[in-house]
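Morning, everyone. I have one structure to walk you through today. Please bring it up on your screens.

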Amino acid sequence: MAASDVPMSPELEQIDGEIQDIFRALQNGFQKIDKIKDSNRQSKQLEELTGRMRECKRLIKEFDRVLKDEEKRNTSEVNKQLNDKKQFMIKELNSYVTMRKTYQSSLGNKRIELFDAGNDQVAEDNVQMASEMSNQQLIDSGMKQMDQTDQAIERSKMVVAQTVEVGAQTATTLTQQTDQMKRIGNELDSVHFSLKKASQMVKEIGRQVATDKCIMGFLFLIVCGVIAIIVVKIVNPHNKSIPDIPGLAPPAPPVQNRKLLSVDPFRML
């Protein structure tokens with residue numbers, strides 16, 4: 001994938017050009033290793049290529065950083081092409097890393113690997129090859145590595161102990177939370193049952209209220225009818241179409257003109 005195939009900013013073009021130069025140098029360097037017969041020279045050549053791979057990895061990270069900064073200014077298609085280019089460069093670098101490991105295995109190189117997970121720096125850039133060390137240097141180097149290994153083991157034990165302690169605390173917390181969740185579930189069931197019971201009671205009360213309202217309505221109509229009959233009977237007492245109401249005295253007959261007998265009380269004596 002050539003640089004001209006994808007539109008890039010000047011900064012990305014510069015980084016891409018440096019990466020492509022390193023890839024060409026790596027290709028030529030590995031071709032030279034096959035022609036070198038001396039193992040010491042091969043090791044030195046491999047160390048030089050390792051440094052170039054380290055620099056290439058740094059440039060790819062820089063390329064990714066600039067790409068993220070310019071992501072909002074580019075179109076989605078351009079961003080996709082630039083990401084594909086980045087992935088292509090990573091794959092190409094990984095292929096050279098694999099070649100380096102192959103040559104290291106064949107040469108018996110004991111130096112620390114460059115591209116271990118999570119490590120961007122080499123623990124020691126200038127490591128003497130085993131063939132170039134004296135017996136005392138080999139012994140000192142071995143003792144130093146053993147001390148470092150012991151320290152790493154002790155640190156690992158501490159980490160394991162802390163992990164076990166955290167795991168136990170987490171298990172206790174989870175147990176407590178599980179019990180609490182069970183209690184909350186039981187309380188929710190009780191609340192749900194109470195709400196259901198209350199809903200039924202509200203419905204029954206509603207039906208009773210409706211029935212009471214109907215009865216009160218009928219009673220009101222009856223009272224109104226009785227009052228209306230009484231009023232009509234009082235206003236028009238001679239209306240025969242309205243029967244007499246029990247408990248209500250009939251109207252008095254009209255007073256006729258009749259001659260009143262005068263009684264002389266002295267005559268009666």
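**The core and its aromatic rings**

Let's start with the core. The largest nonpolar core has 26 residues, and I19, F23, F30 and L82 touch the most other members. Which of them gives the most? That is α2, with nine residues. Keep in mind that this is a predicted model.

Now take F30. Which residues does F30 contact, leaving aside neighbours within four places in sequence? The list is L46, L49, M53, Y96, M99, R100 and Y103.

On to the rings. A pair of aromatic rings is described by two things: the distance of the centres and the angle of the planes. The count here comes to three aromatic pairs. Look at F30 and Y103. Their ring centres are 5.7 Å apart and their planes sit at 25 degrees, so this pair is stacked, the cut-off being under 30 degrees. F30 is in helix α1 and Y103 is in helix α3.

Last stop, a lysine. K86 lies in helix α3. K86 counts as buried because its relative accessibility is 12%, and the limit is under 20%. What does K86 touch, not counting residues up to four places away in sequence? K86 touches I60, F63 and D64.

Definitions and conventions:
Residues are numbered from 1 along each chain as its sequence is written. This is a predicted model: local features need pLDDT of at least 70, side-chain atom pairs count only at pLDDT 80 or more; totals for chains, interfaces and linings use all residues. Side-chain values use heavy atoms; hydrogens and water are left out. A nonpolar core is a set of buried Ala, Val, Leu, Ile, Met, Phe, Trp, Tyr and Cys residues joined through side-chain atoms within 4.5 Å. Buried means under 20% relative accessible area, exposed over 50%, partly exposed in between (1.4 Å probe, protein chains only). Helices (H or I, at least four residues) and strands (E, at least two) are DSSP runs, numbered from the N terminus. Contact means heavy atoms within 4.5 Å. Rings of Phe, Tyr and Trp (its six-membered ring) pair if their centres lie within 6.5 Å; planes under 30 degrees apart count as stacked, over 60 as edge-to-face and the rest as tilted.
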